[in-house]
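Work through these exercises with the structure open beside you. Try each task before you read its solution.

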Amino acid sequence: GYFMKIDGEVKSGLGKGSYFMSQEFYSNEFRKNLGFVPFPGTLNVVVSDEYLDEINEIKDNCQNIIKPDEGFGAVKYIEAVLNDEINGAIVFPAKTVHDVNYLEFIAEVGLRDELDLEDGDIVSLEF
């Protein structure tokens with residue numbers, strides 16, 4: 001498949017990710033499709049604008065989509081690896097307040113605690 005590795009900077013989100021990740025519908029779907037229940041929260045990684053075309057292409061061609069009940073937006077996702085060690089996925093919510101260079105990574109564990117991450121830290125994502 002398509003393979004790419006990019007570095008980005010950890011940023012605080014608006015806490016919206018934790019809201020939809022904690023909805024039973026999403027967590028069930030992710031468990032079914034990815035084999036894990038995501039930690040309620042997403043890690044926001046801001047990547048440089050030079051990757052935007054590629055990211056948009058991945059997003060547009062992405063076939064993995066979770067279509068929820070009314071009132072929630074659809075979410076696309078691709079499997080990804082953070083810092084060569086944490087398996088998870090990058091989610092692309094249809095409704096998002098972030099710019100496209102904000103990637104939202106989900107995993108089974110709380111990533112800030114697990115990897116001792118703070119805003120401004122640089123992480124790598126492979127997908």
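The exercises below use a predicted model.

**Exercise 1. Strand 2**

Task: Decide how far strand 2 (residues 43-47) is enclosed by the rest of the structure, then find which strands pair with strand 2.

Solution: 
- Step 1. Count the buried residues. Buried means under 20% relative accessible area.
- Step 2. Sort the side chains by direction. In a regular strand, side chains alternate between the two faces of the sheet. Here Leu43, Val45 and Val47 point one way. Asn44 and Val46 point the other way.
- Step 3. Find one partner. Strand 1 (residues 5-11) pairs with strand 2 in the antiparallel sense, over 4 bridges. Val10 stands opposite Val45 of strand 2.
- Step 4. Find another partner. Strand 6 (residues 102-107) also pairs with strand 2 in the antiparallel sense, over 4 bridges. Leu43 has Phe105 in strand 6 as its bridge partner.

**Exercise 2. Tyr102**

Solution: 
- Step 1. The cut-off for buried is under 20%.
- Step 2. Check a distance. Tyr102 and Gln23 are 79 residues apart in sequence, and their C-alpha atoms are 22 Å apart.

**Exercise 3. Helix 3**

Task: Show how the buried residues of helix 3 (residues 52-61) are arranged, and name what they pack against.

Solution: 
- Step 1. Pick out the buried residues. In helix 3 they include Leu52, Ile55 and Ile58.
- Step 2. Look down the axis. The buried residues fall within an arc of 125°, so they line one face of helix 3. An α-helix has 3.6 residues a turn, so residues three or four places apart point the same way.
- Step 3. Turn to the other side. Asp53, Asp60 and Asn61 are exposed there.
- Step 4. Name the packing partners. The buried residues of helix 3 pack against strand 1, strand 2, strand 4 (75-82), strand 5 (86-93) and strand 6.

**Exercise 4. Aromatic pairs**

Task: How many aromatic pairs does the structure hold? Classify each by its geometry.

Solution: 
- Step 1. Count. There are 2 aromatic pairs.
- Step 2. Take Phe25 and Tyr26. Their ring centres are 5.9 Å apart and their planes lie at 75°, so the pair is edge-to-face. The cut-off for edge-to-face is over 60 degrees.
- Step 3. Phe25 is partly exposed, at 25% relative accessible area. Tyr26 is buried, at 2%.
- Step 4. Take Phe30 and Tyr77. Their centres are 5.6 Å apart and their planes lie at 70°, so this pair is edge-to-face.
- Step 5. Phe30 lies in helix 2 (residues 24-34) and Tyr77 in strand 4, so the pair ties together parts 47 residues apart in sequence.
- Step 6. Check burial. Phe30 is buried, at 0% relative accessibility. Tyr77 is buried too, at 7%.

**Exercise 5. Ser48**

Task: Is Ser48 buried or partly exposed, and what does its side chain touch?

Solution: 
- Step 1. Ser48 lies in the loop between strand 2 and helix 3.
- Step 2. Its relative accessibility is 30%, so Ser48 counts as partly exposed.
- Step 3. The Ser48 side chain makes a polar contact with the side chain of Glu50, at 2.9 Å.

Key
Residues numbered from 1 in each chain as written. Predicted model: local features only at pLDDT ≥ 70, side-chain atom pairs only at ≥ 80, totals over all residues. Heavy atoms only, no water. Buried < 20%, exposed > 50% of the residue type's maximum accessible area, 1.4 Å probe, protein only. Helix = DSSP H or I, 4+ residues; strand = E, 2+ residues; numbered from the N terminus. Pairing = 2+ DSSP bridges. Arc of directions from axis to C-beta. Contact = heavy atoms within 4.5 Å. Phe/Tyr/Trp six-rings, centres within 6.5 Å; stacked < 30°, edge-to-face > 60°. Polar contact = N/O pair within 3.5 Å; in protein donor to acceptor, adjacent residues only side chain to side chain.
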